[in-house]
Amino acid sequence: DYVIAAVRIFLGAVFVFASIDKIADPNAFATSIAHYKLIGDSVGILVATTLPWLELLSGMCLILGVLSRGSSLLVLMMLLIFTGVLISGITRGLDISCGCFSQDPQVGRIGWMKVLGNIGLTALSLSLLVSKVDKFSLNQPSR
C-alpha cells in the first residue's frame with residue numbers, strides 16, 4: 001500500500017513538474033515540438049497549448065489519488081507516445097532538446113538514457129494501472 005502510494009505521488013509530481021515550464025512558455029514548447037519534425041506547425045501549437053495542462057491535471061489527480069486508474073492510463077499513454085517520439089528523433093539523428101522539463105534548447109538532449117528513463121516511468125504507470133490499491137487516496141472505495 002505504501003509503495004503504491006509513493007509511486008503514485010512520485011509519478012504525479014514528475015508530470016506536474018514537467019508541465020510547469022511548458023505552461024509558462026507555450027511558444028517555446030511549440031518550438032521544441034517543431035524540432036522533432038513529426039507534425040505541422042498548427043498541430044504543434046495545439047499540442048503545445050493542451051498537452052501541458054493534460055500533464056498537470058493527470059499529475060495532480062495522481063498526487064491526490066483522484067481518478068487514479070484513469071490518470072494512470074492517461075500517463076501511460078502519454079509516456080508511450082513520448083518514448084516513441086524520442087526513439088524517432090534519435091534514430092533520425094536529431095540533436096535536439098527533448099522539451100521534457102525545460103524549454104532551454106541546451107538542456108535535456110534526446111538520447112537513449114531519456115528513453116530508459118521513460119521506460120522506467122512507463123513501468124511505474126503500468127504498476128499503478130494494474131494495482132487495486134486505493135489506500136491513501138481520495139478515490140471512492142469499490143462496492
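Start with the disulfide: this predicted model holds one. Select cysteine 98 and cysteine 100. These two residues form the bond, with their sulfur atoms 2.2 Å apart.

Stay on cysteine 98 and show the surface. Is this residue buried or exposed? Cysteine 98 has 9% relative accessibility, so it counts as buried, the limit being under 20%.

Next, select serine 71. Look for it in helix 4, which spans residues 68-91. Serine 71 is buried, because its relative accessible area is 5% and buried means under 20%. Which residues does serine 71 touch, leaving aside neighbours within four places in sequence? They are Ser58, Cys61, Leu62 and Val66. Click on one of them, Cys61. Cysteine 61 is buried too, at 13% relative accessibility.

Now move to the largest nonpolar core. This core has 16 residues. Select Leu11, Phe15, Val75 and Leu128, which touch the most other members. Then colour the elements that give two or more residues to this core: helix 1 (2-24), helix 2 (26-35), helix 3 (41-64), helix 4 and helix 5 (112-130). Which of these gives the most? Helix 1 does, with five residues.

Zoom in on leucine 11. Not counting residues up to four places away in sequence, leucine 11 touches Leu62, Val75, Leu121, Leu124, Ser125 and Leu128. Leu62 is also on the contact list of serine 71.

For the last stop, select Tyr36, Ile90, Cys98 and Ile110. They are among the nine residues of another core, which lies apart from the largest one. Cys98 brings you back to the disulfide, where its partner is cysteine 100.

Note on methods. Residues numbered from 1 in each chain as written. Predicted model: local features only at pLDDT ≥ 70, side-chain atom pairs only at ≥ 80, totals over all residues. Heavy atoms only, no water. Disulfide = S-S within 2.5 Å. Buried < 20%, exposed > 50% of the residue type's maximum accessible area, 1.4 Å probe, protein only. Helix = DSSP H or I, 4+ residues; strand = E, 2+ residues; numbered from the N terminus. Contact = heavy atoms within 4.5 Å. Core = buried A, V, L, I, M, F, W, Y, C linked by side-chain atoms within 4.5 Å.
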